[in-house]
Amino acid sequence: MDSEEEMLKSLFQQQHGFLISKIMFTACELGVFDLLLESEETLTSTVIAERLGTSHVGMERLLEACVGLKLLRIEKKDNEGLYGNTELANLCLAKSSPKSQYQYMKLLSDISYPSLQYLAEAVREGKNQIQSVFGTSEKDWFKVNCSSKEELQRFSSAMEDAWSLYGEDVMSALDLSCFHVVCDLGGSSDALAKKYISLYPNSKVTIFDLPEVVERAKNLVSSEEQRITFQGGNFFNDPFPEADLYILARVLHDWDDEKCLTLLTKLHKACKPGGGVLIVETVLNEDRSGPIEAHIYSMRMLLYTEGKERTLSEYSGLLGAAGFNEIQFKKRKFLDVVFGRK
């Protein structure tokens, strides 16, 4: 059993979790991690404050907090602190980092963080709070996301960041080398498609998403990349591109069971014999005890969508009801993979 000291420490961390997130978001926004990555040397708080145009007292406290959170490291020289990035900061927190999460954290800071004030109302009503969060009469999260180029850019960039971290891990979970013609449904950008074709060079991927999403995304793809194409449409209303494998990555958790079954049944009809569907989600334990990442996503879905996170048996039930069989499951580092074959 945990000691009272451990319980109180855990309580404190959870009480102040919102502030911990905001400290990281603020350091990202002000460019702390970018400056330290580019400088290639440790810097004093005075130098960092001057270069970033902030107060010294405010920056010093922010830097000290980041050291406490293990986002920065500190060295003492001549009784003065010299700050540098940790390995995590160099990998994920600066804009130019190889697996930068800057845009994803900006989305969390600008949208998710302030919208949490409506979480209690979402729980009371059991429905999303889109209208309150965005101050709109629109009830559809996806229409809100596409309401302007800026909103669409923000969401797509955040998803690209996420796939830079998790894309290769989920695409390599199963041997998919027999599937050469692939359709990424609701893929938004080419981030996941690039991971697929890098693993399977003989493949080609069509990204099927809303026309306004496709219009933005296809302009960002290299003209030399002929194996990735785009097609606009609504996957509930329009026919799918022909494919051997359909990918639903972080899509089904946006919808209730009825719409998920409608989509999967339509996919089953589109699939040729031997074809399949690959679902990428954070899967709940069967006793719904975790992982915590799935619970966090499920609360976000309550705020913004009609959907939720599900257990493997729930995904298997939906796949089976749609006609898929030979269901396989792979637990991964963060996002998991469920596969069904026709």
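On a 1 Å grid over the protein atoms alone, a pocket is an open set of points with protein on both sides within 12 Å along at least five of seven lines, a cavity is a set where a 1.4 Å probe fits but cannot get out, and lining residues have an atom within 4 Å of a point. Grid points are joined across faces, edges and corners, and a volume is the space filled by probe spheres set on the points. The model is predicted: local features need pLDDT of at least 70, side-chain atom pairs count only at pLDDT 80 or more, and totals for chains, interfaces and linings use all residues. Residues are numbered from 1 along each chain as its sequence is written, and side-chain values use heavy atoms, with hydrogens and water left out.

**Largest pocket**
- The largest pocket holds about 1,300 Å³ of space.
- Its lining comprises 32 residues, with Ser21, Met24, Phe25, Leu108 and Ile296 nearest the centre.
- Helix H15 (292-304) gives the largest share of this lining, 8 residues; helices (H or I, at least four residues) and strands (E, at least two) are DSSP runs, numbered from the N terminus.
- The lining of the largest pocket has 22 nonpolar, 8 polar and 2 charged residues, where Ala, Val, Leu, Ile, Met, Phe, Trp, Tyr, Cys and Pro count as nonpolar, Asp, Glu, Lys and Arg as charged, and the others, Gly among them, as polar.

**Second largest pocket**
- The second largest pocket has a volume of about 930 Å³.
- Among its 44 lining residues, Trp141, Phe142, Phe155, Asp254 and Trp255 are the closest to its centre.
- H11 supplies the largest share of this lining, 5 residues.
- By class, 21 nonpolar, 12 polar and 11 charged residues line the second largest pocket.

**Cavity**
- The count is 1 cavity of 30 Å³ or more, and the largest cavity contains about 70 Å³ of space.
- Phe25, Cys28, Glu29, Tyr102, Met105, Lys106, Ser109 and Asp110 form the lining of the largest cavity.

**Sheet**
- An open sheet of 7 strands has the order E5-E4-E3-E6-E7-E9-E8 with mixed pairing; two strands pair if DSSP finds at least two bridges between them.
- Strand E5 (228-232) and strand E8 (325-330) are the edge strands, each pairing on one side only.
- Strand E4 (residues 204-209) pairs with E5 in the parallel sense over 5 bridges, and isoleucine 207 has phenylalanine 230 in E5 as its bridge partner.
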